[in-house]
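Subject: A structure for you to look at

Hi there,

I am passing on the structure we talked about, so that you can look at it while you read. My notes on what I found follow below.

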Amino acid sequence: MAQASADDLLQEGAARHQRGDLALAERLYRRVLKLRPGDGNALNLLGVAARQRGDLAFALALSAQALAVQPDSPVFLANRGATLAEAGQLEAAVEALRAALARRPADATALRNLGQALCALGQAAAAIAPLQQAVQMAPQAPEPWLALAHALREAGQDGAEDAARRVLALPGLPPALAAQARFLLAALGAEAAPDRAPAAYVRDLFDQYAPRFDADLQDRLHYRTPELLAALLAQAGIPADGGHRVLDLGCGTGLSGLALKPWARRLEGLDLSPRMLAEARRRGLYDALHEADLVDFLAARRAGFDLVAAVDVLNYLGDLAPALAGIAGALAPGGVAAFSIEAGQGAPFALGEGLRYRHDPAHVLGLATAAGLVLAARQDAPLREEKGTPVAGVLLVLRRL
């Protein structure tokens, strides 16, 4: 009776899970485990649900428990690999996904996850073969085609434009994925650049990047922008006296907050990525954190801050007029804006192959003047490295009139 009951609960849990009712599915999986402790399928599916709602620590523990029950299960290995990848443990993820595919080669999702993990490791050329297999097995699924387009672009190989156009040709394509495909085509020079990166693209990018963000930026990319901007604030005579209401736009994991904290009586952070915000929350730096679009948020906080900083954020926006007007409006009279841009030349903005915007500094300063901001300090400096090459940037500190 217990055996049949556990099987029925597991089947119902999987059905609810497939329909998107994670809360009920998890309750049913837990009931299975009470009746049948150590059930590998229940542990695995509970781990999948935990990963989907962002509890990566619990998901990692559950996927390990499931594998302990059935070490050779390709399903459990594939889920373990996907969970490790989301947790930023990319080498271990690749190992688990390859083990899964050795046992079940025709798993399009595992092939896509393997390709994306390899791309994240900087091995775009190695990612192409599994992603090509994934699109052959699931030609109507947009995600493998989009992943293949990114891998081909990053590897500098032909075919990225064709793969992105294949995404756009698929029936029933979700608008968010269509926007991402068009954004990639714009970066390849095949379509006009939009005024900003798609919000869903930015959110997904940084959700995936959050677990390894700090290590990558500081150890691999030699990221210096928060410290440079803090030094420029001091140079501009803005006292680090702990007396300011500070807004950290695009706060990410809080690296920028560490640099801004000496100025803050109250420090608030804003980001599109919930996983970035979860990492920032762990630092204990911020008095409030907000998940929102920056232009919408700024419009609701008129004259609410003495210092608004945007560290490596505006490079995901093309037309900066709305953002600069919003920053100016959110500043109290005499307040300070401090931000970085990737330096362009000639065109007001251009979308680079790295899927970030470069801005002409003279044009940006013109927009700032129109918004009521006057220049207090400027520094030209490399912001980080990309493929071993310094990324030219400009740091600006401006005051609201």
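A residue is called buried when its relative accessible area is under 20%, and exposed when that value is over 50%. By that cut-off Leu355, at 2% relative accessibility, counts as buried. Please keep in mind that this is a predicted model.

Leu355 has another feature to look at: its phi is near 65°, a positive value in a residue other than glycine. You will find Leu355 in the loop between strand 6 (349–351) and strand 7 (357–359).

Asp312 also has a positive phi, about 55°, and is not a glycine. This residue sits in the loop that links strand 4 to helix 18 (321–330). Is Asp312 buried or exposed? Its relative accessible area is 14%, so Asp312 is buried.

Now to the strands. Strand 1 covers residues 244–249, and five of its six residues are buried. Strand 1 runs parallel to strand 2 (residues 264–271), and six bridges join the two. For one of the residues involved, Leu247, the bridge partner in strand 2 is Glu268.

Which strand is joined to strand 1 by four bridges? That is strand 4 (residues 305–310), which also runs parallel to strand 1. Here Asp248 stands opposite Ala309 of strand 4.

Best wishes

How values were computed
Residues numbered from 1 in each chain as written. Predicted model: local features only at pLDDT ≥ 70, side-chain atom pairs only at ≥ 80, totals over all residues. Heavy atoms only, no water. Buried < 20%, exposed > 50% of the residue type's maximum accessible area, 1.4 Å probe, protein only. Pairing = 2+ DSSP bridges.
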